[in-house]
Amino acid sequence: MFRYFLYRLFLYVPTLLIMLFVVFILVKALPGDPITVMYGEFDPPPEVRKALEERLGLDRPLLVQYMLYVMRILQGDWGKSVGTGEEVLRLVLRRFQATLELAVASVAIATFIGLSLALISAWRPNSLADKIIRIASVASYSIPVFWWGLMLILIFAVYLQLLPPGERGGLKHLILPAVTLGVVSFGMIARVSRASMLEVMTQDYVVAARARGLNEVKVLLSYVMRNAIVPIVTIIGLRFGVLMSGAVITETVFKYPGIGSMIYDSILARDYPVVFGGILFVAIVVMTVNLLVDILYYFVDPRVKLEKTRV
Amino acid sequence: MKSSRLTYIALVLVAVVIIGMVGYFYFLRAPEAPPKVETPLKETPVTFKEIDVLKISQRADLSTIDVQVATDAPTLSVFGHVYETLFRVKFDETGTPTFVPHLVESYTKINDTLWEFRLKSGVKFHDGKPLTAHDVKASFERGPQVGSLPRILLGFIKEVQVVDNLTFRLVLKYPFGPMIAHLSHPSTAIIPAWVAERFPNAPIDSTAYIIGTGPYRFVEYKKGERTVLEVFADYWGRKPTVKRIEWVPIPDDSTRVSFLEAGTVDIVTHVPPQFVNLLKDKGFQVVQIPSVRVIYIGINVERIPDARVRQALNLAVDKEAIVKHILEGAGSVASAPIHPSVFGYSKQTPYQYDAAKAREAIRAAGWEGRELVFITPQGRYLKDREIAEAVKAYLEAVGLRVKVEVMEWAAYISRVTTQKDFDLFLLGWSTVTLDADYGLYSLFRSGAPFNRMQYSNAEVDRLLDAARAESDLAKRAQLYAEAQKLIWQDAPWIFLHYEDIIVAFKPKLVDIEIQPIERWILTYAMVREESR
C-alpha cells in the first residue's frame, strides 16, 4: 500500500512536466499575446512591448521560457497576472476553494439522488417507477447545463426571489449552482449504478440471501450495494475529477468565481502566468483525486491488491 | 415490446413539449404591464437618500490596472471615479458637450504654442500628498511612454514647464485646436509623480499604486469577481452621495440582466436590445442613448484600389435593415465617419442601398466573382458576428464571393494590426474626445497608427493637418467638413452605424450620469423616496 503510493507519487512529476510542456506549447501557439490584448483597439508603444516582454521573459526562446517557468514554480513563485498584477498562486487558491465547494456539494447531491433512484430502479426492474427514473436520468444529462441554470435562476432568483442568482458567499449562494451541476450528473450515476446493481442482483449469493429470508433492505444494502460499488465509485470519482477542473458553463451562468472560468478568461486575455498556474494546479488536484480513488478501491473491494497492481 | 418503446418515445416527447411550453409561457413571456396607478391629488413629499453601497455590473472586468495604459470603456469608467483630469466634459440635455476646468483653477494663452495653467489648491492624492505641477509634468511625460491613448492625446505637447508648485506651462509642438478636449479624456488623468517615476516605461504591477485625486479610493480588486471603490474622505470637491461602489463584471448577457431582476446589482450596462421592453415592463429604468462609437468595415485599399468598387460595396449593404433587424433598433445608420455630437461632424449623403447599381459597378470594374477575405471579431461589439454574416450575404448578392473568418479578439486584433492579409475587417471606433481630430486623424491620415485600411489621399492629409493646427473653430469645422466629404467619396470603409448605449437600473435610482462616450458616473447617485 505504502510502496504503491510512493510509486504513484514518483510518476507524478514527469507527468506534470510533460503536461505543462504541452500546454505551454499550445497556449504560446495561439496567435495574439497579452500585451496586444491589454491595449484593445490600439497598438502598444514599442518601448512598453519591450519592457513587458522582458518582465515576462517573452523575448527568450520558447524552451528557455519553459525551463525558467518550471524553475520559478519550483521556487514557489507562480508569477503575477499580466494585466492586473494579482499574484497567481493566491488567485488560483481562492478560485480553487470556490470550485472545491461547488464540486463537493454537487457531487453529494448527484450521488444521493443517483444512488437512491438506482436502488429503486434496480429493486423492481421494468416497473413504472423504473421506467420513469430511466427517462429522468437520460433527460437530466441530455438537457444542456446552461438551460437548467437559467431556469433555476428564473424560478428561484427572479420570480420567487428566494435565492441569489449567483456569485460566491455562503451556503445560499451555493445552492443553485450545486443543484444545477447535481441535476446534470445524477442521471449518469443512476444509470451506471442501476446496471451494476442489476448484474449483482442475479448473482447466486443474492438469490441465496433472499432464499434465507433476509429482509430486503439488508439484501439491497449489504449484498447488492456492497458488491456493485466499484463501478459506482469509479463514475463518481471521474465526475469529481471533471468538476475539479471547473465547470466553465455553470460558473459563467451563475457568475460563480471558480477555477474553470478563471482559466477560460485568462486564455482569452492571453494572461499566460494565470493560464499556466491554473492548469498546473488543476492537474495536480485531478491526479491526486485519481490516486485517492484508486486507494479507495482497496477499501471497498478487498480483491484489489494495490502492491501488485501495475499502473 | 414495440408498443412499450412507442410509449417511451411518446412520453418523452410529451414531457419535452410540456417543459418547453411552461418555460416559454410562464417565464419568458413578458408579464402584463401593471395597471397605471392614478397619482393622488395630494402631493407626496419626495426625499432623496444617500447610498451606502451601489453595485454596478459591466460586461467586462478591468483590462489593466494602469489608467494610462487602459483603452477600453469599462476600465476607464471605473478609473473615472478614482482619477481626475485637468478639464472635464459635461453634456446638456441635447447631448452637446462643453468642457469645463476641473483640476485647473484658471488658464491663459500666452501665444499660439504656449499656455499657462494654475491648479486648484488643496487637492490631495489618496496617499495624502498634495497635487502639484510636478505631478502633471510626470504624468504627461510618462503617459505617452506607456499608453497608446496618451500617446495620441498628448502628442501635441513639446514640453511641460513647472513654474511653481501650482503653476505649469504647456509648450506645444504646433497650435492645437482640440487641446482642452484632449485634457478632459481620462487617459490624461494626473497620477502622482512618484508612481510615474517608479514605472517609467511599463504598466504598474500592483493595485497599491492606483492612487488618484478622485472622489473614490481603490480598495479591493479580485480578478473576474469585483472591484471595490470607497469614498475618499479628503476629497476636495462636492461630497459624493454614494459611499461605496462595487463593480461586478458579468460577461454573459442573460446572467447580467437576471442579476438586476433579482436585485443583486443596482445597475447593468450593455443591456442587449431584446431585453429592453422586458425590463421596462418590470418597472426598471432603461436609458438608451446614441454613443459616439461608429461601427465600420475597413477596406484594404492596397488590395481594392478602385474607389468605384469601394463605393459599390457601400451601395450593396442595406445599413437600415441591419440596424432595424439585427440591432433591433439599438443604433442609427452612420451619416459620416464620426458621430453628429462630435465637433466637426459634417453630414454626408448616405449610400442608399441599391443592389442593382452595386452589381453593375462591380461588373464594370471587372470584380465579378472575386473572393474577398473578411475577418471579424465575435462578441466585441453588439452583434458583430451577425452583422458580418449579413454583409457577406449582401456582397454575395451583387456578384462577389466572401469568405468570413470569425476570430477570437486576441488573434483578431494582432492580425488586423500586424498582417495585411485581408480585404475587409470589422471594427469600431469611439471618438471619445468629442473632437473630429481624434476620429479622423488617427484613422484616415496617411501612415496614421489606426489607418489599417492603408488609405492615403494627399488632400485629406493636408486638410487634417491644417485643421489640427487651426484655433478658429469655424475654420476648423470647415476643414473637417471638406475632409469628410473626400473620405466619404473615397470610401475606405463600408460606413455602417453608430451603436446605442443601453443601461438599466433600479426604479428609484436617480442622478446616474450616462455619457455618450460610454462612461457612467455614479458619484452623486441617490435613492428617491416618497414619504407620507
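Trainee: In this predicted model, what share of the contacts in chain A between residues at least 6 apart in sequence joins residues at least 24 apart?

Mentor: The count takes in contacts in chain A between residues at least 6 apart in sequence, and it asks which of them join residues at least 24 apart. In this predicted model, that share is 74%.

Trainee: How many helices and how many strands does chain A have?

Mentor: From the N terminus on, the elements of chain A run α-α-α-α-α-α-α-α-α-α-α-α-α, and the C-alpha trace that carries them spans about 85 × 55 × 30 Å along its principal axes. Of the 311 residues in chain A, 39% count as buried. The tally for chain A is 13 helices and zero strands.

Trainee: Why is H9(A) described as roughly antiparallel to H10(A)?

Mentor: Helix H9 of chain A covers residues 204–211 and helix H10 of chain A covers residues 216–244, and their axes come within 10 Å. Angles over 145 degrees count as roughly antiparallel, and these two axes cross at roughly 155 degrees. The crossing angle therefore makes H9(A), relative to H10(A), roughly antiparallel.

Trainee: Which residues of H10(A) make the contact with H9(A)?

Mentor: H9(A) passes H10(A) in a right-handed crossing, and H9(A) brings Tyr205(A), Val206(A), Ala209(A) and Arg210(A) to the contact. By class, the contact of H9(A) with H10(A) has six nonpolar, no polar and one charged residues. On the side of H10(A), the residues are Val219(A), Tyr223(A) and Val224(A).

Trainee: Which helix gives the most to the side of chain A that touches chain B?

Mentor: The contact takes 45 residues from chain A and 46 residues from chain B. On the side of chain A that touches chain B, H2(A), H3(A), H7(A), H11(A) and H12(A) each supply at least two residues, and the residues of that side divide into 25 nonpolar, eleven polar and nine charged. The helix that gives the most, with six residues, is H7(A).

Trainee: Which helices of chain B are included in what covers the buried residues of H16(B)?

Mentor: Helix H16 of chain B, residues 473–490, has 18 residues and reaches 26 Å from its first C-alpha to its last, close to the 26 Å expected at 1.5 Å a residue. Its buried residues are Arg476(B), Leu479(B), Tyr480(B), Ala483(B), Gln484(B), Ile487(B), Trp488(B) and Asp490(B). What covers these buried residues includes, in chain B, H9 (307–316), H14 (436–444) and H15 (458–469).

Trainee: Which residue follows H16(B)?

Mentor: The residue that follows H16(B) has a positive phi, near 50 degrees. That residue is Ala491(B).

Methods: Residues are numbered from 1 along each chain as its sequence is written. Chains are lettered from A and ligands numbered from 1 in the order in which they are written. This is a predicted model: local features need pLDDT of at least 70, side-chain atom pairs count only at pLDDT 80 or more; totals for chains, interfaces and linings use all residues. Helices (H or I, at least four residues) and strands (E, at least two) are DSSP runs, numbered from the N terminus. The expected span of a helix is 1.5 Å times one less than its number of residues. A residue is buried if 20 or more other C-beta atoms lie within 10 Å of its own, exposed if 12 or fewer, and partly exposed in between; C-beta atoms are placed from the backbone. Two residues are in contact if their C-beta atoms, placed from the backbone, lie within 7 Å. Ala, Val, Leu, Ile, Met, Phe, Trp, Tyr, Cys and Pro count as nonpolar, Asp, Glu, Lys and Arg as charged, and the others, Gly among them, as polar. Axes are lines fitted to C-alpha atoms, for helices over the stretch in contact, and angles run from 0 to 180 degrees between N-to-C directions. Angles under 35 degrees count as roughly parallel, over 145 as roughly antiparallel, 65 to 115 as roughly perpendicular and the rest as oblique. A crossing is left-handed if the near helix is turned anticlockwise from the far one by less than a right angle, and right-handed if clockwise.
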